[in-house]
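Grab a pencil and open the viewer. Below are some exercises, each with a solution you can follow step by step.

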Amino acid sequence: MKFDVKECRILSKHRIAKDTYDFTLFADQLAQLATPGQFVHILVPGKVLRRPISICDVDKESNTMRIVFQVRGEGTEILSRLKIDDTMNFLAPLGNGYQVNNTKRRVLLVGGGIGVPPLLYLAKQFGEFATVVIGFRSKEYVILERDFKKAGCDVVVVTDDGTYGHQGFVTDCIENLTFEEIFACGPVQMLKALAIVADVRGVPLQVSLEERMACGIGACLGCACKTKREEQADITYSHVCKDGPVFDYKKIIF
């Protein structure tokens, strides 16, 4: 895994939903290294611990990187106050992302809440061959719908309260869809439900896990999760930051 530390200048900033911000930064060679599903570890001014934020999108021609995050505490609130031309200190790109092979086959991308942003760069690899189902609490939290459509994907939006799109769970909207693989990021309960779908359909499923992180490079052991050893039932522990955040769902003990 190749990564570096760089001061990245903020080129644009938008508030795109309730408590949700969209930043595009000049990332130089970090953008060239990034793959779908990886993340950045951001130094927060005045804080010791960095904050992990998924990479939403990358433009390798302009060397830019896009992150979308929700304010969930003091650290992300401080980041949300940064302005255009300020810099963010990135340790990036980190983790193992989604494994993308044949991009000319039908795939299903499923995201829940703030698990939606890391799917955009992935969706662009598949374009019209991807169906994207994204779920949110309510209309005021819906993000990136237009971006997925612009990438050529079929998009289905689901909200818990029915204030936008379909009401219910993301799994309610995939029964009649055709796909050869699933890629997902979101709450554990959503991933568990998709694991059942993958078992029933007999299709591969790659899941991106969300965990609190301290170091971001597998040194502190703070983001350990239960997994299975290769081709064995024995329980072991993997680090979401270093071994993931993307895993084959069959390796995860939910």
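**Exercise 1. In which strand does Asp22 lie, and which side chain does Asp22 meet in a polar contact?**

Step 1: find the place. Asp22 lies in strand S2, residues 20-26; strands (E, at least two residues) and helices (H or I, at least four) are DSSP runs, numbered from the N terminus. Before you go on, note that this is a predicted model, where local features need pLDDT of at least 70, side-chain atom pairs count only at pLDDT 80 or more, and totals for chains, interfaces and linings use all residues. Residues are numbered from 1 along each chain as its sequence is written, and side-chain values use heavy atoms, with hydrogens and water left out.

Step 2: check the burial. Asp22 counts as buried because its relative accessibility is 6%; buried means under 20% relative accessible area, exposed over 50%, and partly exposed in between, with a 1.4 Å probe and protein chains only.

Step 3: look for the partner. The side chains of Asp22 and Arg66 are joined by a polar contact of 2.6 Å. That term means a pair of N or O atoms within 3.5 Å; within protein, one must be able to donate a hydrogen and the other to accept it, and residues adjacent in sequence count only if both atoms are side-chain atoms.

Step 4: widen the view. Setting aside neighbours within four places in sequence, Asp22 is in contact with several residues, including Ser12, His14, Ile16 and Val68. Contact means heavy atoms within 4.5 Å.

**Exercise 2. In what order do the six strands of the closed barrel run?**

Step 1: The order is S1-S2-S5-S4-S3-S6, with antiparallel pairing. Two strands pair if DSSP finds at least two bridges between them.

Step 2: compare directions. On average, and ignoring direction, neighbouring strands of this sheet are turned by 45° against each other. Axes are lines fitted to C-alpha atoms, for helices over the stretch in contact, and angles run from 0 to 180 degrees between N-to-C directions.

Step 3: follow S1, residues 4-17. Seven bridges tie S1 to S2, and Arg15 has Tyr21 as its bridge partner in S2. These two strands form a hairpin with two residues between them, and Asp19 in the turn has a positive phi of about 60°.

Step 4: go to S6. Six bridges link S1 to S6, with Val5 standing opposite Leu91. Strand S3 (residues 39-43) is joined to S6 (residues 87-94) by four bridges, and Leu43 stands opposite Asn89.

**Exercise 3. Why is H3 largely enclosed by the rest of the structure?**

Step 1: count. Seven of the nine residues of H3 are buried, so the rest of the structure largely encloses this helix. Among the buried ones are Leu119, Tyr121 and Phe126.

Step 2: see what does the covering. The cover includes S4, S5, strand S7 (107-112), S8, H4 and strand S11 (181-185).

Step 3: place the helix. H3 (residues 118-126) lies across S4 (51-59) and S5 (64-70), at about 25° to S4.

Step 4: look past the end. Just after H3, Gly127 takes a positive phi of about 55°.

**Exercise 4. Where is Leu144, and is Leu144 buried or exposed?**

Step 1: locate the residue. Leu144 is in the loop between strand S8 (130-136) and helix H4 (145-150).

Step 2: read the accessibility. At 7% relative accessibility, Leu144 counts as buried.

Step 3: check the backbone. Leu144 is not a glycine, yet its phi is positive, at about 65°.

**Exercise 5. Which strand holds Ser238, and what does the side chain of Ser238 meet?**

Step 1: find the strand. Ser238 belongs to S14, residues 235-239.

Step 2: check the burial. Ser238 counts as buried, with 11% relative accessibility.

Step 3: name the partner. A polar contact of 2.8 Å connects the side chains of Ser238 and Thr227.

Step 4: move along the chain. In the loop between S14 and strand S15 (246-248) you'll find Pro245, and the peptide bond from Gly244 to Pro245 is cis, with omega near 10°.
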